[in-house]
Amino acid sequence: MASSWSKYSPCALAAATALTLMATTAQADVFRVSERFERKRVNIDEEVSKTVDCPRGTTLTGGGYALYNLPSDRIDFMVTASYPFQDGWRVEIRNTSGKPQPLAMRLYALCLSTE
């Protein structure tokens, strides 16, 4: 016995699925969680890792970072990684300046409400 889905063409099923997904996404709340991180001294060649987590009842959809207080003509730090980590977003950064430096950055996690 054929299922009721077999009465419709594959294109019609794909369109119905896409509309359902768009409607579900439109109802969900997406928001940004951010956290400022500062260290007065990051030693030469030291790597710092920091993670910002999505709150309970949400799912990570993306993330990123911003570095602060760096002159535009200098690169004192190198971001070695920026990636999803457990329930949040993780950034790893290394002091490549050749001398101890202060570090200020903001981490972001984009979270989708699942409740």
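Visitor: Why is the link between the side chains of Arg90 and Glu92 called a polar contact?

Guide: This is a predicted model, and in it the two side chains are joined at 3.5 Å. Arg90 itself is in strand β5, which covers residues 88-95.

Visitor: What makes the link between the side chains of Tyr83 and Glu92 a polar contact?

Guide: The value here is 2.6 Å. Tyr83 is found in strand β4, and its contacts, beyond neighbours within four places in sequence, are Gly88, Trp89, Arg90 and Glu92.

Visitor: How do you know that the charged end of Arg90 sits over the ring of Phe85?

Guide: The charged end is 4.6 Å from the ring centre. The distance must be within 6 Å, and the charge must also be within 35 degrees of the ring normal; Arg90 and Phe85 are counted as such a pair, so the charge is said to sit over the ring. Arg36 and Tyr68 make another case, also with 4.6 Å from charged end to ring centre. Setting aside residues up to four places away in sequence, Arg90 touches Ser49, Lys50, Thr51, Ala81, Ser82, Tyr83 and Phe85.

Visitor: Why is the aromatic pair of Tyr83 and Phe85 called edge-to-face?

Guide: Two values decide this. The ring centres are 6.3 Å apart, and a pair needs them within 6.5 Å. The planes stand at 85°; the label applies over 60 degrees, so the pair is edge-to-face. By this rule the count comes to one aromatic pair.

Visitor: Are Tyr83 and Phe85 buried, exposed or partly exposed, and what makes them so?

Guide: Tyr83 has a relative accessible area of 26%, and Phe85 has 28%. Buried means under 20% and exposed means over 50%. Each value lies in between, so Tyr83 and Phe85 both count as partly exposed.

Visitor: How do you know that a disulfide joins Cys54 to Cys111?

Guide: The sulfur atoms are 2.1 Å apart. The limit is within 2.5 Å, so this pair qualifies as a disulfide. By this rule the count comes to one disulfide.

Visitor: Which hand does the disulfide of Cys54 and Cys111 have, and why?

Guide: The torsion about the S-S bond is about -90°, so the disulfide is left-handed. Cys54 lies in the loop between β2 and β3, while Cys111 is in strand β6, so the bond ties together parts that are 57 residues apart in sequence. Both cysteines are buried.

Visitor: What makes Asp45 stand out by its phi?

Guide: Asp45 has a positive phi of about 65° although it is not a glycine. Most residues other than glycine have a negative phi. Asp45 has its place in the loop between β1 and β2. With a relative accessible area of 48%, Asp45 is partly exposed, since exposed needs over 50%.

Visitor: Why is Gln86 called exposed?

Guide: Its relative accessibility is 69%, and the mark is over 50%, so Gln86 is exposed. Gln86 is found in the loop between β4 and β5, and it too has a positive phi, near 55°.

Visitor: What makes a group of residues the largest nonpolar core here?

Guide: The members are buried nonpolar residues joined through side-chain atoms within 4.5 Å. This core has 15 residues, and Leu103 and Ala109 touch the most other members. Strands β1, β2, β5 and β6 each supply at least two residues, with the largest share, five residues, coming from β6. In soluble globular proteins, nonpolar side chains tend to be buried together. Among the contacts of Leu103 outside its sequence neighbourhood are Phe37, Val48, Leu67 and Ile93.

Visitor: Which elements make up the protein chain?

Guide: The chain has one helix and six strands, running α-β-β-β-β-β-β from the N terminus on. Of its 115 residues, 25% count as buried.

Methods. Residues numbered from 1 in each chain as written. Predicted model: local features only at pLDDT ≥ 70, side-chain atom pairs only at ≥ 80, totals over all residues. Heavy atoms only, no water. Helix = DSSP H or I, 4+ residues; strand = E, 2+ residues; numbered from the N terminus. Polar contact = N/O pair within 3.5 Å; in protein donor to acceptor, adjacent residues only side chain to side chain. Contact = heavy atoms within 4.5 Å. Buried < 20%, exposed > 50% of the residue type's maximum accessible area, 1.4 Å probe, protein only. Phe/Tyr/Trp six-rings, centres within 6.5 Å; stacked < 30°, edge-to-face > 60°.
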